[in-house]
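My entries follow in the order in which I looked things up.

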Amino acid sequence: MVTNTEPYTCNLDPDTKTRLEVYLYKDVKNVENIRQNIINGSWKCSVIKPSLIVNMFQVAVAANRAVLAEKSQTMITKTVYSELLYNLSLTKNISQSLSKFGIEKDDSILVCFLIDGNNDVSQEILKEIDGEQCPISSLNSFTNMKDVKSTYKLNNLKSEVCLLDIIVSKMVTKSFVNH
Amino acid sequence: MSAELKILKQGAEAKLYICNYLGKPTLIKERFKKNYRHPDLDTSITKERIKNEARSIVRCKTAGVKTPALYLVDFERRRIYMEHFEHSITVKDFIINLKSTTNQGDMNTLDVYADLIGGTVRKMHENNIIHGDLTTSNMLLIEKDPSNIAENTKWLNHSNIELVIIDFGLSFIDTSVEDKGVDLYVLERALISTHNDYPNLFSRIFEAYKSYSKKNIKEIISKYEDVRARGRKRTMVG
């Protein structure tokens, strides 16, 4: 059986000339090692829990704000990769944001690269991941709706409004709206 | 990969562009610099207005009122990037197009939309969102599930239609009954001037507004009547 393991890609704001690429893995055996590489900064990528992601567009919106903030030197966190995680959450607390959306003991992970022209380190990093790559189309089987709803405070939401729509709208207004 | 910005409209406060952004049809609302203002003041006024507009849009979503999704709020470029509804019609154009087909079924559809508008405006007011510019140009109809029905009949298929409220540029959050009364009055005036061939439209909308919820309704009605008697602005005489 041939499965489609193409990454999710999205061109970010044209002024940044950056492209987002996201890969999904399950049954990852070296999570602790990956975590250490992210924390000490040797891996230039963001690694996210897929359980809190309803759609890749959610990651694209967060990544887009991260690269724009890097360009205008208005980042809240230290690197563009942590900025991406920070932008996914609604809290202004940095360590809470990173621990919520970053990986801990999860064995499913989303690996996000921000590629601007010549520097593409994705293949070097990906070969270090000891897990099974999954098609992006299977993302929803990793999503935990209950966690998504509590993270984005959507529990008493009137039905009709689309979930993704309200999640990204809350994400991009968190600096000036108390959600 | 440079974005092609297509100008859609230019108003007194902002330019609207459409483009594809992050893979989605996007509307950019850019508030331009006003040279008659001191630059610092201009920056802070613009920033406040952008925040205000974005805040109301998100608040509507939480209240269950459909508004464009926000993709980016960019103070530096003075822009809001939001969902663009490519396949939509303004309520204004919908009503104008009705004239050519005056059968009873179409009139019933208009009643359905009037009720929807009344309920939606009430939902906003219950959440203290004052739109500030309620006109039929700032209301869009979109399909819940995209169909292949011909353009001239698909907007009549009301069971598949959703109402979207747009342009929160003049909106604000306020609990006062006065502001709700003025908001309703603005809508009434807009309907009279744009759709004078449907004189009962506002009363139908207002009935739906009243019946959506009983909370505070007496105060709102009486305030609306006060506003109506004197006009939108409070008299400052004496």
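I searched the whole structure, which is a predicted model, and found 27 salt bridges over all chains. I began with a pair that has A:Asp15 on one side and B:Arg77 on the other: A:Asp15 sits in the loop between strand 1 (8–11) and strand 2 (19–26) of chain A, while B:Arg77 sits in the loop between strand 4 and strand 5 of chain B, so this pair joins two chains. For their side chains I noted an N to O distance of 2.9 Å. I also looked up the accessibility of A:Asp15, which is partly exposed at a relative accessible area of 42%.

A:Glu32 makes a salt bridge with A:Arg35, and their closest N and O atoms are 3.7 Å apart. Both residues belong to helix 1 (residues 31–39) of chain A, where they are three residues apart, about one turn of the helix. I noted A:Glu32 as partly exposed, with a relative accessible area of 47%, and A:Arg35 as partly exposed too, at 27% relative accessibility.

The side chains of B:Lys61 and A:Asp165 meet in a salt bridge at 2.7 Å, N to O. Because B:Lys61 lies in helix 1 of chain B and A:Asp165 in helix 7 (residues 163–172) of chain A, this pair also joins two chains. Here I found both B:Lys61 and A:Asp165 buried. I then followed salt bridges that share partners and came to one network, which joins B:Glu13, B:Lys29, B:Arg31, B:Lys34, B:Arg49, B:Glu53 and B:Asp167.

Entry 4, the interface. I counted 28 residues from chain B and 29 residues from chain A in the contact. The area buried between chain B and chain A is about 2,300 Å², and carbon and sulfur atoms give 67% of this area. Across this interface I noted four salt bridges and seven residue pairs in polar contact. On the side of chain B that touches chain A, helix 1 (39–63), strand 4 (70–74) and strand 5 (79–83) of chain B each supply at least two residues, and helix 1 gives the most, with seven residues. By class, I listed 15 nonpolar, four polar and nine charged residues on that side of chain B.

Chain B has seven helices and ten strands, and buried residues make up 50% of its 238 residues.

Terms used
Residues numbered from 1 in each chain as written. Chains lettered and ligands numbered in written order. Predicted model: local features only at pLDDT ≥ 70, side-chain atom pairs only at ≥ 80, totals over all residues. Heavy atoms only, no water. Contact = heavy atoms within 4.5 Å. Buried area = accessible area lost by both parts, 1.4 Å probe. Polar contact = N/O pair within 3.5 Å; in protein donor to acceptor, adjacent residues only side chain to side chain. Helix = DSSP H or I, 4+ residues; strand = E, 2+ residues; numbered from the N terminus. Nonpolar A, V, L, I, M, F, W, Y, C, P; charged D, E, K, R; others polar. Buried < 20%, exposed > 50% of the residue type's maximum accessible area, 1.4 Å probe, protein only.
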